Amino acid sequence: MPSQNVRVHVYGWLLLMPAAILLIAFTHFPTVATLVQSLFTTGTATRPAAFVGAENYQIMLEDDVFWQVVQNNIWYAVGTIPVSIAIAILMAVWVNARLPARGLVRMAYFTPTVLPMIAVANIWLFFYTPDIGLIDQVVSLFGGGSHNWLGDPDTVLGCIIVITIWKEAGFFMIFYLAALQSLPPELEEAAHLEGASRWYYFRRVTFPLLMPTTLFVLINAVINSFKLVDQLFILTKGGPDNASSLLLYYIYEVAFSFFDEAYAATLTVVLLAVLAVISVGQFLLLDKRIHYR
Amino acid sequence: MSTIELKAVKKSWGNTLALKDVSFIAPEGDFLVLLGPSGCGKSTTLRLIAGLETVTAGRILIAGEDVTAKSPSERHISMVFQSYALFPHLNVAENIAFGLKVRKVPVDERKTRLGRVAELVGLAGLMDRKPAQLSGGQRQRVALARAIVAENHICLMDEPLSNLDAQLRHEMRVEIRDLQKRLGMTVVYVTHDQTEAMSMADKVILMRDGKIEQEGTPDELYSTPATTFVARFIGNPPMNVLTLTDGPDGGVLEGAESYLSWKQCGAGQVIGVRPEDIDVSETGVPAELISADYLGADSIVTARMGSQSVVVRMPGRFQVRDGERVNLKWSNEATHIFDAKTGHRVEP
C-alpha cells in the first residue's frame, strides 16, 4: 500500500523535523557558509567580496600570530588534558570509597564545574594579582618577592592551564564516578581474595574497565581545549603579546575586533578540521583497545 | 589440614543482628552446605569465612589457626561468586590465571596449571574467549577453574548454580561434587535450594534468622527434622503439619477426631507426615480429594481431612473425580511429633 508507505515517511520526517531544523540552521548551514566565506575576501560597502580561492589560507600560513596561537593551544592541551583526567580518576576513586561525609566531598569537587566561568576567572584573578593576590601573599610569607603572574609571558599560559584543570577535573570526575559505580563489587572482592593489592587491581581491572569513559572524557577534553574563550576575556585578553591567546580567542579577535570576517572564517575552518581529525583519530586508534560491555 | 571452625560468631550491621551466635565445624574434605531462605545469614557466614566481612564477635579458625583478624588473601581460600565475578576485559585464560599472576607464579608453571585445570573443567579450546562470548554454563566453569587453579584446600561457593537453567544445574551439581571429591577440597556451599543441599552435601547446616536451625547429614534432616521449620524446608512437596487435639486415647487430628490416635500426645502438639509416606487404603482417616498435579512419575494430590488439608504423593497418574472420598493411612514410624508452640521435635 503506497499511500500508507508515504504516510509512514511523512510521519518519520515530521518527528525528525524539530531537531533537524535546529541542527541545519545553527550547525550545518553555518559550517558550509564559513567554508564558502573562507574562499572570498571580506566584503565592504564599496567593495563586494571577491573570490580569491586559497589566498586566505596562504595569508594564514604566513601569519606569525596564528602559529603562536597554535603553539599555545598545543601546550594548553598537553598541559590540561592528562593532568585533569588523572586528577579526575584519583578523585573519583577517592569519593567512591566508603568515607565519612562523602556526599559533601563529592559536592566540593564538583563545585568548580557548576560555577560560571566568568565568576571563576574573577576568583582566580584575585589569586594571581601581584602583591595583594593570594599567591603573592603566601609566597611573601616564605620570603619570596612579588610576581606578576598574568603579566609575564612565561607564566601566563601556566596560570590559565591551572584554572582549567581546577575547573574540569571535577566535571570529569562525575563521569568516572558513574563508571566506577557500575563496576560490580564482587570483582574487587575476587581480586582481593587472590591477593591483589589495591594498586594492582586498579591497574589491571579498574583502569581498563574505565577506558570507554576515558575515551569519552578525552574527546570532550580535547574539544574543550580548543573552545576556551571565557576566562581569557577576564584574565588576559590573550596577552601579554599573545602569550596566552588560544585559537578560538584569536578567531574572536579577528572577527569582532579586526572585523576581518574572511580570515576569521578561514581560521574557523582550520579549527573544525583539527577537531574532526582528532576525534576520528581517537575513535579509530583507541576504540580497538577498549573493552565495551 | 583444611578444617574450618566457627566459634560463637556474631555479625551485626548497626542495630540489626544478622548472625546470632553461629558455631560449627567443617571437617577436612567435607562438602558442607549452608542452606536456608533468603536473609537467613548463610551468605554472611560465607563472607565472614572468606574475610570479606569482619566478625562482630567470635572467632574463625582455619586449619586450627585463628584467622579472625587476617585479610582474605592470607586465609588461602578460593571463592566462587553467584555472579561469577569474571573480569569482563580479560579472556578465559587470563581470568583463570589472574591470581597466579598476582602471586608471581613463574610463567611455565602458570601454563601447566592452566592447561591442567582447563582440561579438568572442560574449557580447553575456549581460552581466548572473553566472558561475554561464553554461555552461562561456560562462565560458571571459568569461575570454578579460577577457584581450583589456586590449589587452595578450601573453596567457598555462594549460590554458584542459581543463574543456570534446570538441566545445566543438574549437570554442574554432579560435576562440582565430583571435582570436590577428586581434589579433596573442603567446600562450604551456600544455597537456598534444598535439592542442591540434599544431593551434594556431606553435611547440611540449615539456618534461619541468623541462627542454626539444624545441622546434620541430608538423611538426618529429612528423616528426623528437629523443628517444623526444618520439616517443611526439606522435602518437596513439604511435610504435612497437622494440628492435634485431645482424644480419649491420646492425640487425635483436629477436625477428624474419631480416627487415628497417638498415645501420650494431645492438644498443643502437631504431627508431621511426609506426602510420600501417606497411602490410600481401606482403613484410615477419611479424606476428600480436591485436586491432583501430574508430574510424570508421580502425582501430587491435595486432599482434605476434616478441617485440615494434606498433600499426598501418589505413584503414576492419579485421577481425581469431584468430591471423591478415600481413606488415608500412614505408619507410626512416619509420624513426627512437634510442639505446636516452639516447633521443636518431641521424642516419643
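Where in chain B is B:Asp209 found? B:Asp209 sits in the loop between strand S9 (203-208) and strand S10 (211-216) of chain B. Helices (H or I, at least four residues) and strands (E, at least two) are DSSP runs, numbered from the N terminus. B:Asp209 has a positive phi of about 50°, although it is not a glycine. At 49% relative accessibility, B:Asp209 counts as partly exposed. Buried means under 20% relative accessible area, exposed means over 50%, and partly exposed lies in between (1.4 Å probe, protein chains only).

Some ground rules come next. This is a predicted model, in which local features need pLDDT of at least 70, side-chain atom pairs count only at pLDDT 80 or more, and totals for chains, interfaces and linings use all residues. Residues are numbered from 1 along each chain as its sequence is written, chains are lettered from A and ligands numbered from 1 in the order in which they are written, and side-chain values use heavy atoms, with hydrogens and water left out.

Now the backbone. Most residues other than glycine have a negative phi, and most peptide bonds are trans. B:Lys104 also has a positive phi, near 55°. B:Lys104 is in the loop between H3 and helix H4 (107-121) of chain B. With a relative accessible area of 70%, B:Lys104 is exposed. A cis peptide bond joins B:Asn236 and B:Pro237, with omega at about -5°. B:Pro237 lies in the loop between helix H9 (228-233) and strand S11 (240-247) of chain B.

Step back to chain B as a whole. Chain B has nine helices and 20 strands. The C-alpha trace of chain B spans about 80 × 45 × 35 Å along its principal axes. Of the 348 residues of chain B, 51% count as buried. Contact means heavy atoms within 4.5 Å. Among contacts in chain B between residues at least 6 apart in sequence, 64% join residues at least 24 apart.

Next, the interior. In soluble globular proteins, nonpolar side chains tend to be buried together. A nonpolar core is a set of buried Ala, Val, Leu, Ile, Met, Phe, Trp, Tyr and Cys residues joined through side-chain atoms within 4.5 Å. The largest nonpolar core has 79 residues, and B:Phe98 and B:Leu156 have the most contacts inside it. Helix H3 (residues 64-96) of chain A gives the most to this core, with ten residues. Apart from this core lies another, of 47 residues, among them B:Leu35, B:Leu86, B:Ala97 and B:Val105.

How do the chains meet? In the interface, 20 residues of chain B are in contact with 18 residues of chain A. The area buried between them is about 1800 Å², of which carbon and sulfur atoms give 69%. Buried area is the accessible area (1.4 Å probe) that two parts lose on being put together, summed over both. In chain B, B:Pro88, B:His89 and B:Phe98 lose the most area to chain A, together 29% of what that side buries.

Charged pairs come last. Side chains of opposite charge can pair when their charged atoms come close. A salt bridge is a side-chain nitrogen of Lys or Arg within 4 Å of a carboxyl oxygen of Asp or Glu. By this rule the count comes to 18 salt bridges over all chains. Two of them cross the interface of chain B and chain A. A:Glu194 and B:Arg103 meet in a salt bridge through their side chains (3.3 Å, N to O).

Within chain B, B:Arg47 forms a salt bridge with B:Glu53, the closest N and O atoms being 3.1 Å apart. Both B:Arg47 and B:Glu53 are buried. B:Glu53 lies in the loop between H1 and strand S4 (57-62) of chain B.

A network of salt bridges links B:Glu109, B:Arg113, B:Arg116 and B:Glu151. B:Arg113 and B:Glu151 form a salt bridge, with the closest N and O atoms 3.5 Å apart. This pair links distant parts of the chain, 38 residues apart: B:Arg113 is in helix H4 of chain B, and B:Glu151 is in the loop between helix H5 (136-149) and strand S7 (154-158). B:Arg113 counts as buried at 9% relative accessibility, whereas B:Glu151 counts as partly exposed at 43%. The side chains of B:Arg116 and B:Glu151 also meet in a salt bridge (2.8 Å, N to O).
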